[in-house]
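Please read this briefing alongside the sequence and the 3D structure shown below. The lead sentences come first, and the points that follow are grouped by topic.

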Amino acid sequence: MLRDGPFVLTGKLSTLLDGLCVPLRSAKYLDEVNANPRVAAVITTRDIAAGLDPRFAVAIAEKPDTAHAELHARLAEKREAELRARPNRIDPSAVIDPSARIADHGVEIGARVRIGSHVSIAPGVVVEDDCVLHPGVSLGVPGFNTGIIGGRQRIIPQLGGVRLRPYVELLANVCVARALFGGETTLGEETVVDNLVYIAHDVQIGRRVQICALVNILGRVEIGDEAYIGPSSVIINGARIGEKAKVSIGAVVTRDVPAGATVSGNFAIPHDRFLTHLRSVR
């Protein structure tokens, strides 16, 4: 320990939560770390530590990413204990199919919620009033993030939760991952999601969004109100889709999409440019 000090949770530079403890394995990210007001503590190598702002708590490790993953795993154990101590709150007006598997702790289900057959709900999930979950929906599953814990590559545990705002409806086999370091993966009021969609950790989806079948929304994506995400499209980590934007069928989105814009293609570009290119090669 080079400088002791408090932090709230483990995270990455892209994590939009305060009081972060982050790993730093390369000096090329020094300026980005020093300028980030959300960072409170850093795990890094001794040679990089000299360039850090003195406001940070600093721990030295030969492999900062591995040390950070080990610390994260210990915090996850504490988080699981907290959830186990939190009794379920399920409104008596909710209609739940007998085959649904709902954790016996840490779950909140609001009024008039309808839960279909073989739905799975993990601790840390909040389903607000009037939501509908069709057969096979899974809420609060682990996200795909790896780390070296105990000397082995593992899926690192998630510390956050999932929240569905009122009137969200998820069709069959939709899968929504927990937030990774804290906070919640959130689907906004009246958002509807078609069959076989995957929504990764920390995604934030606005109101009245339409998400079609077989869409893959990767971690930390933000989708504005009334956007449309077409069938079989993919949205890369951290992209922002603006309000009322449209992602066409099969598009692969690798950059932000402005409000009201339509994008198409792989990799996705403005729809009018896509059509012009398509005409030129036919």
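Which residue in strand 13 is the bridge partner of S120? The bridge partner of S120 in strand 13 is S138. This is a predicted model, in which local features need pLDDT of at least 70 and side-chain atom pairs count only at pLDDT 80 or more, while totals for chains, interfaces and linings use all residues. Residues are numbered from 1 along each chain as its sequence is written, and side-chain values use heavy atoms, with hydrogens and water left out.

**Overall build**

- The secondary structure of the chain comes to 4 helices and 32 strands, where helices (H or I, at least four residues) and strands (E, at least two) are DSSP runs numbered from the N terminus.
- The radius of gyration of the chain is 21 Å, which agrees with the value near 19 Å that a compact globule of 282 residues would have; the radius is taken over C-alpha atoms, and the globule rule is 2.2 Å times the number of residues to the power 0.38.
- Taken along the principal axes, the box filled by the C-alpha atoms of the chain is roughly 60 × 55 × 30 Å.
- Of the contacts in the chain with a separation of 6 or more, 24% are between residues 24 or more positions apart, a contact being heavy atoms within 4.5 Å.

**Surface and charge**

- Buried residues make up 45% of the 282 residues in the chain, with buried meaning under 20% relative accessible area, exposed over 50% and partly exposed in between (1.4 Å probe, protein chains only).
- The accessible surface of the chain comes to about 13,900 Å², and 52% of that surface belongs to carbon and sulfur atoms; such areas come from the Shrake-Rupley method with a 1.4 Å probe.
- A35, in the loop between helix 1 (30-34) and strand 3 (39-44), counts as exposed because its relative accessibility is 61%.
- The C-alpha atoms of A35 and D272 are separated by 38 Å, and the two residues are 237 residues apart along the chain.

- An open sheet with parallel pairing is formed by 8 strands in the order 7-10-13-18-21-24-27-30, and its edge strands, each pairing on one side only, are strand 7 (101-102) and strand 30 (252-253); two strands pair if DSSP finds at least two bridges between them.
- Within this order, strand 10 (residues 120-121) runs parallel to strand 13 (residues 138-141) and is joined to it by 2 bridges.
- Strand 13 is also joined by 3 bridges to strand 18 (residues 175-177), again in parallel, and there the bridge partner of L139 is V176.

- Another open sheet, of 4 strands with parallel pairing, has the order 1-2-3-4, and strand 1 (9-10) and strand 4 (57-60) are its edge strands, each pairing on one side only.
- Strand 3 and strand 4 pair in the parallel sense over 4 bridges, with V58 in strand 4 as the bridge partner of V42.

**The hairpin of strands 14 and 15**

- Strand 14 and strand 15 (residues 152-155) run antiparallel and are joined by 4 bridges, and G147 stands opposite R154 in strand 15.
- The hairpin has 2 residues between the strands, and G150 takes a positive phi near 65°.
- In a regular strand the side chains alternate between the two faces of the sheet.
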